[in-house]
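Open the model in your viewer and colour it by chain. The tour below goes from the whole assembly to single residues, one selection at a time.

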There are 2 protein chains.
Amino acid sequence: MKALFFDGSLRFVADARRPEPGGNEALIRVLMAGICGTDMEILKGYKAFRGIPGHEFVGVVEAVRGPYTGLVGKRVVGEINCGCGTCGHCLKGMEKHCARRTALGISGRDGVFAEYVTLPARNLWEVPAHAADIDMVFTEPLAAAFEVLEQVHVLPTHKVLVLGDGKLGLLIAILLHNSGVDVALSGTHEEKLAIAAGQHVRTVRAGEQRASRAYDIVIEATGAPGGLDAALDQVSPRGTIVLKSTVADRVEVNLSRAVVDEITLVGSRCGPFGPAVVALASKRINVRPLVSAVYPFDDALSAFDRAGQAGSLKVLLDFSANR
Amino acid sequence: MKALFFDGSLRFVADARRPEPGGNEALIRVLMAGICGTDMEILKGYKAFRGIPGHEFVGVVEAVRGPYTGLVGKRVVGEINCGCGTCGHCLKGMEKHCARRTALGISGRDGVFAEYVTLPARNLWEVPAHAADIDMVFTEPLAAAFEVLEQVHVLPTHKVLVLGDGKLGLLIAILLHNSGVDVALSGTHEEKLAIAAGQHVRTVRAGEQRASRAYDIVIEATGAPGGLDAALDQVSPRGTIVLKSTVADRVEVNLSRAVVDEITLVGSRCGPFGPAVVALASKRINVRPLVSAVYPFDDALSAFDRAGQAGSLKVLLDFSANR
């Protein structure tokens with residue numbers, strides 16, 4: 001099969017071995033995949049990953065070993081964390097926190113930048129027939145946005161600020177606005193802020209924003225080391241900062257500000273697929289303006305070049321030309 | 001009146017002017033006061049405070065201007081934060097987060113290391129007649145310990161670890177144990193850990209503790225810059241770290257650990273006086289083993305020397321010799 005391999009450099013391979021599903025796993029033919037910021041980090045050495053990257057996808061189940069054989073022939077999206085199934089975290093349904101987990105295309109498991117991929121069948125969510133691949137491929141990142149609502153009780157009286165107009169910041173701001181939350185998005189890119197404004201999200205230029213200490217909840221999605229300090233400038237005493245940026249390096253912060261003002265900081269990562277599937281399939285959340293380009297999978301290396309350009313948002317890989 | 005003054009150095013003054021209560025304020029004759037870690041920080045320049053330090057006290061109300069005249073003659077303890085009374089935080093009962101607040105003996109307001117002090121009468125809590133000054137003078141620090149229970153819902157199934165065997169760490173560990181919580185105290189001082197062990201708190205030597213990632217809640221009360229890293233080593237994925245240390249300098253941390261493991265960090269400062277008064281007056285919490293020494297107020301400078309010695313816990317100032 002065709003696949004992208006990363007072993008220090010990214011290569012397109014035409015004759016990769018098609019994976020075999022293990023016990024309780026499904027074999028999935030990939031229809032569409034998305035390039036994520038984490039994929040770009042992997043190219044820089046994140047997690048020292050070697051193999052086939054990619055974790056955002058829509059596919060069709062071709063075979064299942066074990067239960068869930070009813071999924072064969074269905075179009076699906078899939079959760080990326082695969083736990084051991086037996087530890088305390090897994091037994092509580094928190095496979096994403098299993099110490100022995102693998103993560104699709106990120107850690108210990110080949111990903112979706114290939115014609116075929118395997119995943120535990122229990123990780124899969126069937127996609128409604130009427131829903132478009134180009135929408136449903138946003139399920140994983142939108143789930144990460146939903147995780148904010150899963151972790152923090154946002155009140156009708158709360159003022160919320162999202163810092164960062166990258167893909168995740170945009171998705172969070174659009175989701176919150178569509179959930180009835182009084183939210184503003186702060187960013188530095190005119191054209192990205194315009195996407196949020198086009199969906200009626202209030203936007204503000206980061207450079208023009210003074211330290212307000214006025215927001216009940218600030219969501220830090222800048223991906224930059226200075227993001228937490230910026231969040232502390234905007235959050236109200238007793239407020240909450242949701243940390244979405246995984247900044248690889250150590251960050252220097254004045255945590256006594258968080259103690260004196262009794263700020264709560266909430267680390268937030270992957271989220272629930274259920275509500276993300278519903279929101280995308282019902283078109284409650286419109287992700288189309290976030291698509292910068294769609295490339296045939298054969299041009300995957302060009303797609304990565306495009307994803308790395310300043311101003312790019314989501315770059316998608318379409319496998320249909322391969323069929 | 002006699003008072004301790006700090007203006008870059010600490011001086012004992014025999015002829016300080018007795019303060020006059022302003023509107024809605026009470027004049028209080030101090031009976032006993034406690035030296036806190038924050039007082040020691042003030043001597044090093046914390047908040048650039050100038051004036052009479054001290055914020056832990058028991059006293060008798062001598063006069064009240066405005067309402068609450070029923071307090072005259074009563075023995076009281078007092079909350080240290082004095083808000084403007086008109087901003088959003090004050091109107092929500094959060095004077096401690098008022099941007100224009102003063103804080104007794106810490107910021108903008110003379111404190112209790114003096115024979116007389118003034119405070120808004122609404123800040124005062126009457127002390128039961130049978131309760132001893134030497135217990136009730138712990139109300140303010142015990143309230144800061146209670147703040148943990150006010151902010152975090154500790155479940156019966158939770159495993160809790162307190163980092164730091166200073167006064168606050170000991171009070172938190174003893175309070176949690178007495179509240180039925182499965183708690184351990186980690187510290188470096190044999191004799192301080194022995195105080196907790198004497199009250200049936202499980203103790204562990206910090207140096208002998210490996211990174212466990214096993215505690216649902218970790219309370220960081222080390223007062224040291226490395227405390228947060230130590231807490232991240234012990235907290236479970238999806239767990240909570242309560243930040244009690246106000247480390248003045250900027251701290252370098254790997255916050256991506258908090259994001260990936262979805263840790264919640266909760267800044268925590270002053271707490272509720274009501275439950276602290278009840279717990280101390282009823283002797284539910286035994287604070288006597290934390291008293292390292294009691295000095296007559298005339299020897300206050302010696303008391304500060306003692307408080308600064310390694311191994312010292314609470315050093316108290318007794319004003320009764322002055323009467």
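This is a predicted model: local features need pLDDT of at least 70, side-chain atom pairs count only at pLDDT 80 or more; totals for chains, interfaces and linings use all residues.

Turning chain B by 180°, with 0.0 Å of shift along the rotation axis, superposes it on chain A at an RMSD of 0.0 Å. The two copies are thus related as by a two-fold rotation axis. Both copies use the same surface for their contact: 100% of the contact residues of chain B recur in chain A.

Next, select the interface. How many residues does the contact take from each chain? It takes 38 residues from chain B and 38 residues from chain A. Between them the chains bury about 3,300 Å², and 54% of this area is on carbon and sulfur atoms. Now pick out Arg250(B), Val259(B) and Glu262(B): in chain B, these residues lose the most area to chain A, together 20% of what that side buries.

Look for polar links across the interface. There are 13 residue pairs in polar contact, counting those with both residues at pLDDT 80 or more. The interface also holds 4 salt bridges. To see a salt bridge, show the side chains of Glu262(A) and Lys96(B), which meet with 2.9 Å from N to O.

Helix 8 of chain B gives the largest share, 5 residues. Coloured by residue type, this side of chain B divides into 16 nonpolar, 11 polar and 11 charged residues.

Now select strand 16 in both chains. Strand 16 (residues 264–267) of chain A pairs with strand 16 of chain B in the antiparallel sense, over 3 bridges. Within this pairing, look at Leu265(A), which stands opposite Leu265(B).

For a salt bridge inside one chain, select Asp135(A) and Arg288(A), whose side chains meet at 2.8 Å, N to O. This pair links distant parts of the chain, 153 residues apart. Asp135(A) is in helix 3 (residues 133–136) of chain A, while Arg288(A) is in the loop between helix 9 (273–281) and strand 17 (291–296).

Key. Residues are numbered from 1 along each chain as its sequence is written. Chains are lettered from A and ligands numbered from 1 in the order in which they are written. Side-chain values use heavy atoms; hydrogens and water are left out. Copies are superposed by least squares on the C-alpha atoms of residues with pLDDT of at least 70 in both. Contact means heavy atoms within 4.5 Å. Buried area is the accessible area (1.4 Å probe) that two parts lose on being put together, summed over both. A polar contact is a pair of N or O atoms within 3.5 Å; within protein, one must be able to donate a hydrogen and the other to accept it, and residues adjacent in sequence count only if both atoms are side-chain atoms. Helices (H or I, at least four residues) and strands (E, at least two) are DSSP runs, numbered from the N terminus. Ala, Val, Leu, Ile, Met, Phe, Trp, Tyr, Cys and Pro count as nonpolar, Asp, Glu, Lys and Arg as charged, and the others, Gly among them, as polar. Two strands pair if DSSP finds at least two bridges between them.
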